[in-house]
Amino acid sequence: MTSSVPRLVIAAPSSGSGKTTVATGLMAALAARGLAVSPHKVGPDYIDPGYHALATGRVGRNLDAYLCGPELVAPLFLHGARGCDIAVVEGVMGLYDGAAGQGELASTAQVAKELRAPVVLVVDASSQSRSVAALVHGFVSWDPAVRIGGVILNKVASDRHEALLREALESVGVPVLGALRRAAPVETPSRHLGLVPVAERGAAAVAAVAAMAAQVSDGCDLEGLLALARGAGALSGAVWDAGEAAASPTHDRPTRSAGKPAPVVAVAGGAAFTFSYAEHGELLSAAGAEVVTFDPLRDEQLPPGTSGLVVGGGFPEVYAAELSANKGLREEVAALAESGAPVAAECAGLLYLCRELDGQPMCGVLDATARMTGRLTLGYRNAVAVSDSVLAGAGTRMRGHEFHRTVVEPGAGAAPAWGVLAPEKRVEGFVERGVHASYLHTHWASSPGVARRFVERCRTS
């Protein structure tokens, strides 16, 4: 299949330059024009896609060349952008920053090349004038395969400052497609792991996205950005399909047994569990499950007929008291795990299954305690399954990502979930009965057999 969906990558020389404001504001501004906008985020970040979804009314999707492999970047992009008028991809860190010690792997530059997409460089222009030309020239010339098609100047002090910046950039030959004035930042509060997720902010998040859209509409050349997006090269190749991915090695699509209802897989959501990749639910459904979302902060019972449970990432440490107070649900989760039903828990889910979190009683599925610390654990991980589990057979290799300021003691059970191979060797996580609990976030699109195996266990447990 060949696709020519217009697309842009919004990148920056470094973190903190304003690319989230520009990308989210551009998505919202284009959506306000009646365009169907496909939102994407480079890397493992779960929080920015929530703002993207609010801006566009579509699911925010991640493109991560480390977790999924470069070969899946374009197919996953085409899956998300199907039927859209334009796609906007927000980069991660600086344009050429990727997985530590891995060259360009997982960088915004690599994703832009895989997508044959033009890049718009958002430059923090505060405290410089003519030097901006040297900065942009360096980024343009570093990798000729990356097409930087325009610059948006951020934190511009005045009309005079803007004129100096534009004059300097004339020599580089890259058009200025926007200039945003230095102003009070849009209200996007942060805490220990970045921006506060959309699900926790309600009307405040809506107002923040509207303010971003107004900034971009007022300060950027939307017609110029659209023209640049329409100049993206054609993409050839297959569109990722959950049904095909979830098929068995013999390529048979999963089918539901005649007369038997689909197994119900309960997936935790709500303000405490906001971290998930859209493809996980799609794979579970394609493997034959009925996926039902529930909120552990509000729902006192698991969905009727639950035969499997998935608890992803989020911020249970912020809501420890409320989660603990929902005793009926905690007891149901414990009983489900005790029955041997499949339970998959990542990071926040791991904390929820512990005996306690910061002194607050949790589900008690695992004989472990969790607490907040001042130390940030962050980075990609290369891992191998140590124990047979509902997700993978022993020896299965997967790539993951850790991002937390908590610690679980002990860090691994008698049957650990993963052996981390890089950057350091260790074991972590728990495999007990049907439970697989770990700090590692994984992207199931890279190993769709995970979803198939999980649903099969739901049918037979």
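Reader: What should I know before I start?

Author: The model is predicted, so to speak of local features a pLDDT of at least 70 is needed, side-chain atom pairs count only at pLDDT 80 or more, and totals for chains, interfaces and linings use all residues. Residues are numbered from 1 along each chain as its sequence is written, and side-chain values use heavy atoms, with hydrogens and water left out.

Reader: Which order do the strands of the open sheet of 7 strands have?

Author: First the terms: helices (H or I, at least four residues) and strands (E, at least two) are DSSP runs, numbered from the N terminus. Two strands pair if DSSP finds at least two bridges between them. Here the order is E4-E3-E5-E2-E6-E7-E8, and the pairing is parallel. Strand E4 (61-63) and strand E8 (176-181) are the edge strands, each pairing on one side only. Neighbouring strands in this sheet are turned by 25 degrees against each other on average, with direction ignored.

Reader: How many bridges join strand E2 to strand E6?

Author: There are 3 bridges between E2 (residues 7-11) and E6 (residues 119-124), and the two strands run parallel. To find one of these spots, look at Ile 10, whose bridge partner in E6 is Val 120.

Reader: Which strands does helix H4 lie across?

Author: Contact means heavy atoms within 4.5 Å. Axes are lines fitted to C-alpha atoms, for helices over the stretch in contact, and angles run from 0 to 180 degrees between N-to-C directions. Helix H4 (residues 108-115) lies across E2, strand E3 (37-42), E4, strand E5 (86-90) and E6, at about 170 degrees to E2. Helix H8 (residues 222-230) lies across E2, E5, E6, strand E7 (148-156) and E8, at about 115 degrees to E2.

Reader: How are two packed helices described?

Author: Two packed helices are described by the angle between their axes and the distance between the axes. Take helix H3 (residues 73-81) and H4: their axes come within 9 Å and cross at roughly 70 degrees. That angle makes H3 roughly perpendicular to H4. The cut-offs are these: under 35 degrees is roughly parallel, over 145 roughly antiparallel, 65 to 115 roughly perpendicular, and the rest oblique. Val 73, Ala 74 and Phe 77 of H3 meet Val 111, Glu 114 and Leu 115 of H4. The residues of this contact divide into 5 nonpolar, no polar and 1 charged. In that count, Ala, Val, Leu, Ile, Met, Phe, Trp, Tyr, Cys and Pro are nonpolar, Asp, Glu, Lys and Arg are charged, and the others, Gly among them, are polar.

Reader: At what angle do helix H2 and helix H7 pack?

Author: H2 (residues 47-56) and H7 (residues 203-219) pack at an angle of about 75 degrees, with their axes 10 Å apart. That makes H2 roughly perpendicular to H7. Tyr 51, Leu 54 and Ala 55 of H2 make the contact with Ala 205, Val 206 and Val 209 of H7. This contact has 6 nonpolar residues, no polar and no charged.

Reader: What order do the strands have in the open sheet of 6 strands?

Author: The order is E13-E12-E14-E15-E23-E22, with mixed pairing. Its edge strands are strand E13 (290-294) and strand E22 (430-432). The twist averages 15 degrees from one strand to the next. E15 and E23 run parallel and are joined by 4 bridges; Ala 345 has Ala 437 as its bridge partner in E23.

Reader: How many cavities does a search of the whole structure find?

Author: Rolling a probe the size of a water molecule over the atoms shows where empty space is left. On a 1 Å grid over the protein atoms alone, a cavity is a set of points where a 1.4 Å probe fits but cannot get out, while a pocket is an open set with protein on both sides within 12 Å along at least five of seven lines; lining residues have an atom within 4 Å of a point. Grid points are joined across faces, edges and corners, and a volume is the space filled by probe spheres set on the points. The search finds 2 cavities of 30 Å³ or more, and the largest cavity has a volume of about 70 Å³. Strand E15 (343-346) and strand E23 (435-438) each supply at least two residues of its lining. The largest share, 3 residues, comes from E15.
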